[in-house]
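Some terms used for a protein model deserve a check against their definitions.

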Amino acid sequence: PFVENSFKHGVSNETDNVWVTIDLKVKQEFLSFKIENSKSYDEVKDITGFTKGIGLKNVKRRLELIYPGAYKLEIRDDEYAYSVDLRLQLNKSVVYGQN
C-alpha cells in the first residue's frame with residue numbers, strides 16, 4: 001500500500017520534478033522499509049473516488065494483528081515530501097525494542 005500510495009497520491013498528477021525513493025533492507029531479524037515521494041506543488045483533488053486515510057488505517061491494523069509490539073511505523077507529511085519508515089522484527093517472539 002505504501003508503494004501504491006507513493007505513485008497514486010504522490011507523483012501521478014505531476015510530470016516534472018517528481019521522484020520516489022525506496023530502500024528495503026533485511027539485517028539479522030529486522031526488516032527496514034523506507035519510501036519517500038515528492039508531493040504536488042498544487043493541491044489537486046483526488047478524482048479516483050478513493051477516500052484518503054482508509055488504506056493507512058488498514059495497514060496499521062494489519063501490522064498490529066500480525067506483528068503486535070514488533071514493529072515501528074513513522075510517517076512524515078512535509079510540505080514537499082511524504083515519507084514512511086517501517087521497521088519489522090521478523091522473529092515475533094521478541095518484542096520490538098527490547099532485548
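Q: How much space lies in the second largest pocket?
A: About 150 Å³ lies in the second largest pocket of this predicted model.

Q: Which residues line the second largest pocket?
A: The lining consists of Pro1, Phe2, Val3, Val59, Arg62, Leu63, Ile66, Tyr67 and Leu86. Helix H1 (2–11) and helix H2 (54–66) are the elements that give two or more residues to this lining. The largest share, four residues, comes from H2.

Q: What makes a residue count as lining the pocket?
A: A lining residue has an atom within 4 Å of a pocket point. Arg62 is one of the residues in the lining.

Q: What is the lining of the second largest pocket by class?
A: Eight residues are nonpolar, none is polar and one is charged. Arg counts as charged, and Arg62 is in the lining.

Q: Why do strands E1 and E3 stand at the edges?
A: The open sheet of four strands has the order E1-E2-E4-E3, with antiparallel pairing. Strand E1 (20–27) and strand E3 (71–77) each have a single partner strand, so one side of each has no neighbour in the sheet. From one strand to the next, the twist averages 5 degrees.

Q: Where does H2 lie relative to the strands?
A: H2 lies across E3 and strand E4 (81–89), and runs at about 165 degrees to E3.

Methods:
Residues numbered from 1 in each chain as written. Predicted model: local features only at pLDDT ≥ 70, side-chain atom pairs only at ≥ 80, totals over all residues. Heavy atoms only, no water. 1 Å grid on protein atoms, 1.4 Å probe; cavity = no way out; pocket = protein on both sides within 12 Å on 5 of 7 lines; lining within 4 Å. Points joined across faces, edges and corners; volume = space filled by probe spheres on them. Pairing = 2+ DSSP bridges. Axes fitted to C-alpha atoms, helices over the stretch in contact; angles between N-to-C directions. Contact = heavy atoms within 4.5 Å.
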